[in-house]
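Student: I have a new structure to read. Could you walk me through it, one feature at a time?

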Amino acid sequence: MNFFNSLCLSSAVLLTACTGGINKDSFRIVGEVDGLPDSTVIILTPLAHRSLDPVAEAMVKDGKFEITGKADEPIAVMLSVKDHYGYKTIMLDNVDMSITGTVTSDELDGGKCRYDFSGITLSGSPLTEEYYAMMAPRHRIDSIFLDNQSRGAEMWNLLNRASGEKDRRIMDSIQATEEFRAYG
C-alpha cells in the first residue's frame, strides 16, 4: 500500500471515530404525535410472520414517546399501538428518527381500536424513505383496485345473489350492462 492510500485509509478511520461513524450501534425514535392518549403503549413488531414479539416499546406521555434499542441488521417493523389494530411500516436501523403528526382512531366492538397512522411522517431514516419510494407504485395500484372494488360492490352483490339463486335472467342482465363491462 503506498503512502497516499495509507493516509486516506487512516483519515477515514479517524473521521469515522470522531464523528461516531455512519453506522451507530443503536436506534432512537422520538415521537411527538397528536391523537394518542397518555399511557398508550407504542410497539415495534417485526413485519415478518415468524415473530410477533415486539422489538421495542414505549409509553406515550403528553403526546410524546421515545423508543430506543439496537437493530442487529435493518429490519421492516410495524409501528403500532399495543393490543389494537393499525400500523405504519418503517425500516428500523441504527439511526436517530423523528415521528410527528396526528394519529386517528375508530373504536371497534370489544373495546379495541383501529389506529390510522397515515397522518404521521417519519424523518431521519434513509432506508424508510427508500422503502416508501419503492412502495409508492404498489400503494397507487392498491388505491385504484380498492376504488374500483367499492364502485362495483353493489353490482357484484346482486350478481352473487342471482348466481346463488341460479337466476340466469338476472345474471345475464347484469353481465349485459356497461358497468359490468367497464368493471372487467
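Tutor: Start with a definition: a salt bridge is a side-chain nitrogen of Lys or Arg within 4 Å of a carboxyl oxygen of Asp or Glu. This is a predicted model: local features need pLDDT of at least 70, side-chain atom pairs count only at pLDDT 80 or more, and totals for chains, interfaces and linings use all residues. Residues are numbered from 1 along each chain as its sequence is written, and side-chain values use heavy atoms, with hydrogens and water left out.

Student: How many salt bridges does this rule give?

Tutor: The count is 6. Side chains of opposite charge can pair when their charged atoms come close. Take D147 and R151: their closest N and O atoms are 3.4 Å apart.

Student: Where do D147 and R151 sit?

Tutor: Both are in helix α2, residues 126–151. Helices (H or I, at least four residues) and strands (E, at least two) are DSSP runs, numbered from the N terminus. D147 and R151 are 4 residues apart, so about one helical turn separates them. D172 and R168 repeat the idea in helix α4 (residues 168–175), also 4 residues apart. The closest N and O atoms of that pair are 3.0 Å apart.

Student: Is R151 buried or exposed?

Tutor: Check the cut-offs: buried means under 20% relative accessible area, exposed over 50%, partly exposed in between (1.4 Å probe, protein chains only). R151, at 55%, is exposed. D147, at 41%, is partly exposed. Across the 184 residues of the protein, 28% count as buried.

Student: Which salt bridge links distant parts of the chain?

Tutor: E66 and R28, with N to O at 3.3 Å. E66 lies in strand β4 and R28 in strand β1, 38 residues apart. E66 is partly exposed at 42%; R28 is partly exposed too, at 36%.

Student: How are β1 and β4 joined?

Tutor: Two strands pair if DSSP finds at least two bridges between them. Here 6 bridges join β1 (residues 27–34) to β4, and the two run antiparallel. Within this pairing, R28 has T68 of β4 as its bridge partner.

Student: What is the order of the strands in the sheet?

Tutor: The order is β4-β1-β7-β10, an open sheet of 4 strands with mixed pairing. β4 (64–69) and β10 (120–123) each have a single partner strand, so one side of each has no neighbour in the sheet.

Student: And the whole protein: how many helices and strands are there?

Tutor: There are 5 helices and 10 strands.
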